[in-house]
Amino acid sequence: MKRKIVSSIILVILVLSATTALSSGPVQIKPPILATAVGDGEGSVILNLVCGWKGIECESVLDLTPAALEERLGEIDGPGTLVVATGAIVEGDLYTICNIEKMSIEKESSRIEGLIAVAKSNRIPVIGLHIDRGITSPDTDPGKSLDLIMPYADAIILVTHIGMDEYFEEIAAAGAIPLIVIDNSDKLVEALEALFSMNLGECE
């Protein structure tokens with residue numbers, strides 16, 4: 001991927017009238033946050049830890065299912081935002097979530113697609129989260145998970161020490177999706193607070 005270096009610590013790349021993949025009527029990214037990750041991704045766990053330090057209500061559920069999300073959304077204090085973090089999906093193999101449960105690639109892809117569909121149908125904003133770890137191997141490359149999440153997100157947070165990936169810039173531009181870039185996971189709360197201040201449109 002081509003990269004463009006970003007100089008600011010936290011940078012809102014695109015707002016585009018604050019409409020994202022939404023259309024009309026106020027919908028706001030807000031806590032409580034319910035987070036999960038694709039495959040072996042650790043982004044939701046990191047987000048949960050950082051939010052805990054800063055007093056933002058957040059829960060990481062790595063094996064969250066669409067049915068469980070639907071149930072949680074029916075609760076009075078149900079989640080206000082779904083965060084889906086990237087992770088590795090190895091084609092034609094089984095992989096381990098937290099070294100405990102193995103899933104097929106097809107099942108995991110279906111889980112993520114189902115979660116996003118449930119969130120959209122309930123007008124719950126979806127944030128795509130990617131923490132760039134730099135050099136990857138075929139077994140740790142999150143590339144496939146990016147395509148599962150980012151085109152369908154209502155906002156994107158990219159954590160990178162290197163610079164902007166052209167992939168993210170193009171996805172954000174194509175979908176008019178707010179994209180926030182930070183240089184350290186410790187600044188995840190700053191990114192969330194920037195999104196909390198935006199009134200978005202109505203979920204599609």
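**Close-up views of a predicted model**

**View 1. Strand 4 pairs with strand 6 in the predicted model.** Five bridges join strand 4 (residues 33-37) to strand 6 (residues 81-85), and the two strands run parallel.

**View 2. Strand 4 is covered on both faces.** Five of the five residues of strand 4 are buried, so the strand is largely enclosed by the rest of the structure. I33, A35 and A37 lie on one side, L34 and T36 on the other, and all of these are buried. Strand 4 is also joined to strand 5 (residues 58-60), by three bridges, and these strands run parallel. The bridge partner of A35 in strand 5 is S60. Strand 4, helix 1 (residues 43-54) and strand 5 together make a right-handed β-α-β unit.

**View 3. Strand 10 is paired with strand 9 and with strand 12.** Strand 9 (residues 126-131) and strand 10 (155-159) run parallel and are joined by five bridges. Here I131 stands opposite V159 of strand 10. Strand 12 (179-182) pairs with strand 10 in the parallel sense over four bridges, and L158 stands opposite V181 of strand 12. Five of the five residues of strand 10 are buried, so this strand is largely enclosed by the rest of the structure. A155, I157 and V159 point one way, while I156 and L158 point the other way.

**View 4. The largest nonpolar core has 31 residues.** L69, L82, I112, M150, I156 and F168 have the most contacts inside this core. Two or more residues come from each of helix 2 (66-73), strand 6, helix 3 (105-121), helix 4 (143-149), strand 10, helix 5 (166-175) and strand 12. Helix 3 gives the largest share, six residues. Apart from this core lies another, of 28 residues, which includes I29, A35, L47 and I157. In soluble globular proteins, nonpolar side chains tend to be buried together.

**View 5. F168 and its surroundings.** Leaving aside neighbours within four places in sequence, F168 is in contact with H130, L146, M150, I156, L158 and L179. F168 counts as buried because its relative accessibility is 0%, where the limit for buried is under 20%. M150 and I156 are, like F168, among the residues with the most contacts inside the largest nonpolar core.

**View 6. Y167 and F168 form an aromatic pair.** The count of aromatic pairs comes to one. The rings of Y167 and F168 are edge-to-face, 5.4 Å centre to centre with 85° between the planes. Y167 has 16% relative accessibility and so counts as buried.

**View 7. C51 and C58 are in no disulfide.** The structure holds zero disulfides. For C51 the nearest cysteine sulfur is that of C58, 4.2 Å away. For C58 the nearest is that of C51, at 4.2 Å.

Conventions
Residues are numbered from 1 along each chain as its sequence is written. This is a predicted model: local features need pLDDT of at least 70, side-chain atom pairs count only at pLDDT 80 or more; totals for chains, interfaces and linings use all residues. Side-chain values use heavy atoms; hydrogens and water are left out. Buried means under 20% relative accessible area, exposed over 50%, partly exposed in between (1.4 Å probe, protein chains only). Two strands pair if DSSP finds at least two bridges between them. A crossover is right-handed if, with the strands pointing away from the viewer, the path from the first strand over the helix to the second runs clockwise. A nonpolar core is a set of buried Ala, Val, Leu, Ile, Met, Phe, Trp, Tyr and Cys residues joined through side-chain atoms within 4.5 Å. Contact means heavy atoms within 4.5 Å. Rings of Phe, Tyr and Trp (its six-membered ring) pair if their centres lie within 6.5 Å; planes under 30 degrees apart count as stacked, over 60 as edge-to-face and the rest as tilted. A disulfide is a pair of cysteine sulfur atoms within 2.5 Å.
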